[in-house]
Amino acid sequence: MSCPDCERINVLPDGTGTLYLAPVLAHTRATLRRRLLEEDFACSEPVSGILALSVDGEHDLGTTLSRLAEVLSHSEQSGCRATFVPEGQAFGVEHLQDTHLLSTLIARHKARDLAAILAADTLDFHFQPIVHAARPDEVFAWEALVRASSPAGEFIPPNILFDQARAAEMMFHLDRAARINAIRRATERGIHDHLFINFNPTAIYDPAFCLETTVREIHGIDPQVTRPAGFVFEVIESDQITDTEHLRRIIDRYRNAGFNVALDDLGAGYASLNLLSQLRPDFVKIDRELVSGIDGDEYQQKILGKIIELARELDIRIVAEGVETAGEWRWLRDRVDYCQGYLFARPAAEPPAPVHPDAG
């Protein structure tokens with residue numbers, strides 16, 4: 001399995017040139033060309049089956065992509081392969097190797113701030129403590145939570161950041177940069193406890209190759225400061241996993257390097273419970289929807305009780321996340337190993353000291 005674009009971020013070029021479109025379905029080409037001409041695009045068909053849009057000083061590539069996003073439906077955008085050839089270059093077979101769906105190029109134009117962040121390596125992190133359930137003022141681990149700002153200084157919410165990366169086919173780059181920078185920022189801020197680092201398995205093509213930079217980063221740290229077993233790689237978005245064998249290879253790669261693995265959002269659906277029995281991670285994190293209001297909901301308590309029982313049978317340590325009230329913590333403290341949530345501390349750039357719910 002190869003790893004496309006593993007070593008570079010395809011930033012859309014500036015300047016003039018030609019945007020070439022190749023409709024996947026031949027019978028849509030004439031319709032598409034007619035629509036583009038009606039919208040005053042400078043459109044021609046220099047090669048049979050290929051449409052060419054002129055990109056000049058008046059309509060640069062970004063403007064052209066924005067206009068295409070307005071006049072074409074998403075299905076039409078997804079039905080075209082596209083590539084940009086700068087002025088002075090002739091379109092040739094080699095350009096066919098660098099084509100993308102038009103919808104992807106449009107998404108990359110919208111994600112230009114993300115491309116700039118990755119190119120400048122400016123991802124930052126906040127850290128939230130994971131505490132011992134019975135001793136919530138004692139830190140067991142920290143979770144690294146990605147934070148980013150645009151080049152203009154505007155905060156970009158993490159969900160928007162990852163949505164843009166997914167649409168622009170930049171998930172590999174963002175996921176890798178996040179893993180590496182989580183390790184660096186934690187080291188800079190003196191974190192010596194366990195560190196939970198999120199990763200999205202769908203962003204990893206070949207575990208042996210794609211994870212090598214992460215392994216090198218960790219092994220490059222002073223061994224007296226931290227140990228491989230202190231790093232816990234947390235599987236996120238488990239509901240989107242369709243290839244369990246691929247995920248198993250990723251987890252095997254991490255474990256062979258000496259790291260631990262956690263499964264996030266346990267209880268959010270059947271998929272996560274199925275993965276629990278197949279993968280047997282070192283840690284599971286209980287979905288916050290199950291944790292919320294647990295102290296006052298008997299039905300919820302029965303469901304969570306069965307999940308906890310299953311994890312215990314498999315010798316898996318349990319983290320309850322999203323704990324926000326003292327009542328939730330009191331119900332959980334004798335049933336789970338660790339807790340995480342605003343009740344103890346909010347995420348912060350400088351690792352915050354947790355507060356005991358009974359303090360004061």
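Visitor: What makes helix 2 oblique to helix 4?

Guide: In this predicted model, helix 2 (residues 61-71) and helix 4 (residues 102-110) pack at an angle of about 120 degrees, and their axes are 9 Å apart. Axes here are lines fitted to C-alpha atoms, for helices over the stretch in contact, and angles run from 0 to 180 degrees between N-to-C directions. Under 35 degrees counts as roughly parallel, over 145 as roughly antiparallel, 65 to 115 as roughly perpendicular, and the rest as oblique. So helix 2 is oblique to helix 4. The crossing is left-handed, a word used if the near helix is turned anticlockwise from the far one by less than a right angle (clockwise would be right-handed).

Visitor: Which residues make the contact between helix 2 and helix 4?

Guide: Helix 2 brings Gly62, Leu65, Ser66, Leu68 and Ala69, while helix 4 brings Leu102, Leu105, Ile106 and His109. Contact means heavy atoms within 4.5 Å. Helices (H or I, at least four residues) and strands (E, at least two) are DSSP runs, numbered from the N terminus; the protein comes to 14 helices and 14 strands.

Visitor: Why does aspartate 40 count as exposed?

Guide: Aspartate 40 has 67% relative accessibility, so it counts as exposed. The scale goes like this: buried is under 20% relative accessible area, exposed is over 50%, and partly exposed is in between (1.4 Å probe, protein chains only). Aspartate 40 sits in the loop between helix 1 (29-38) and strand 2 (43-47), with a positive phi of about 65 degrees although it is not a glycine.

Visitor: And what does arginine 280 count as?

Guide: Partly exposed, because its relative accessibility is 49%. Arginine 280 is in the loop between helix 11 (270-279) and strand 12 (283-286), and its phi is positive too, about 45 degrees, although it is not a glycine.

Visitor: Why is leucine 101 called partly exposed?

Guide: Its 24% relative accessibility puts leucine 101 in that class. Leucine 101 belongs to strand 5 (residues 100-101) and, leaving aside neighbours within four places in sequence, is in contact with Gln77, Ser78, Cys80 and Arg81. Leucine 101 and arginine 81 are 20 residues apart in sequence, yet 4.4 Å apart in space, C-alpha to C-alpha.

Visitor: Which residues touch the most other members of the largest nonpolar core?

Guide: Leu123, Val323, Leu332 and Cys339, out of 73 residues. Helix 7 (residues 171-188) gives the largest share of this core, seven residues. Apart from it lies another core, of 20 residues, among them Leu19, Leu36, Val55 and Ile106. A nonpolar core is a set of buried Ala, Val, Leu, Ile, Met, Phe, Trp, Tyr and Cys residues joined through side-chain atoms within 4.5 Å. Buried residues make up 49% of the 360 residues in the protein.

Visitor: How do you know what the predictor's confidence is?

Guide: From pLDDT, the predictor's confidence in each residue, from 0 to 100. The mean pLDDT is 85, and 89% of residues reach 70 or more. Over residues 1-7, though, pLDDT stays under 50. Local features need pLDDT of at least 70 and side-chain atom pairs count only at pLDDT 80 or more, while totals for chains, interfaces and linings use all residues. Residues are numbered from 1 along each chain as its sequence is written, and side-chain values use heavy atoms, with hydrogens and water left out.
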